[in-house]
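Welcome to a short tour of a protein model. Take a moment to look at the sequence and the 3D view, and then read on with both of them beside you.

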Amino acid sequence: TDALAGGGRVLVHDDLLATGGTASALCELVEGLGGEVLGCSFLIELAFLEGRARLAPYPAHALISYES
């Protein structure tokens with residue numbers, strides 16, 4: 001809980017964006033602790049699973065995106 005003291009600004013980063021559940025939960029956790037999520041970044045996105053929609057309020061970027 002001390003990692004976000006004072007309203008820290010956070011970039012959520014993960015290796016894979018699939019359904020968006022993990023990243024969404026982490027964003028909720030950060031905000032629940034008083035932090036501000038600036039965006040989400042991923043190495044790979046499985047776009048056909050539409051995980052980006054679950055992260056809609058946050059900017060999301062992926063280096064590689066698979067459409068199918």
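## Starting from Val-12

Leaving aside neighbours within four places in sequence, Val-12 is in contact with Ala-23, Leu-26, Cys-27, Val-37, Gly-39, Cys-40 and Ser-41. Contact here means heavy atoms within 4.5 Å.

Before going further, a word on the model. It is predicted, so local features need pLDDT of at least 70 and side-chain atom pairs count only at pLDDT 80 or more, while totals for chains, interfaces and linings use all residues. Residues are numbered from 1 along each chain as its sequence is written, and side-chain values use heavy atoms, with hydrogens and water left out.

## The sheet and its helix

The model has an open sheet of 3 strands in the order S1-S2-S3, and the pairing is parallel. Strand S1 (9-17) and strand S3 (60-66) stand at the edges with a single partner strand each, so one side of each has no neighbour in the sheet. On average, neighbouring strands of this sheet are turned by 10° against each other, direction ignored. Helices (H or I, at least four residues) and strands (E, at least two) are DSSP runs numbered from the N terminus, and two strands pair if DSSP finds at least two bridges between them.

S1 pairs with strand S2 (residues 36-46) in the parallel sense over 8 bridges. Val-12 stands opposite Cys-40 in S2. Helix H1 (residues 21-32) packs on the sheet, where it touches S1 and S2, and its direction makes about 165° with that of S2. For such angles, axes are lines fitted to C-alpha atoms, for helices over the stretch in contact, and the angles run from 0 to 180 degrees between N-to-C directions.

## The nonpolar core

Which residues have the most contacts inside the largest nonpolar core? They are Val-12, Cys-27, Val-37, Cys-40, Phe-42 and Leu-55, and the core has 13 residues. S1, H1 and S2 are the elements that give two or more residues to this core. A nonpolar core is a set of buried Ala, Val, Leu, Ile, Met, Phe, Trp, Tyr and Cys residues joined through side-chain atoms within 4.5 Å. Buried means under 20% relative accessible area, exposed over 50%, and partly exposed in between (1.4 Å probe, protein chains only).

A search of the whole structure finds 0 disulfides. Cys-27 is buried, at 1% relative accessible area, and Cys-40 is buried at 1% too.

## A salt bridge

Side chains of opposite charge can pair when their charged atoms come close. The structure holds 1 salt bridge: Arg-52 pairs with Glu-45, and their closest N and O atoms are 2.7 Å apart. The term means a side-chain nitrogen of Lys or Arg within 4 Å of a carboxyl oxygen of Asp or Glu. Arg-52 is partly exposed at 34% relative accessibility, while Glu-45 is buried at 6%.

Look for Leu-43 in strand S2, partly exposed at 39%. Not counting residues up to four places away in sequence, Leu-43 touches His-13, Asp-14, Asp-15, Ala-62, Leu-63 and Ile-64.

Now find Glu-31 in helix H1, partly exposed at 40%. With residues up to four places away in sequence not counted, Glu-31 touches Val-37 and Tyr-58.

Notes: A disulfide is a pair of cysteine sulfur atoms within 2.5 Å.
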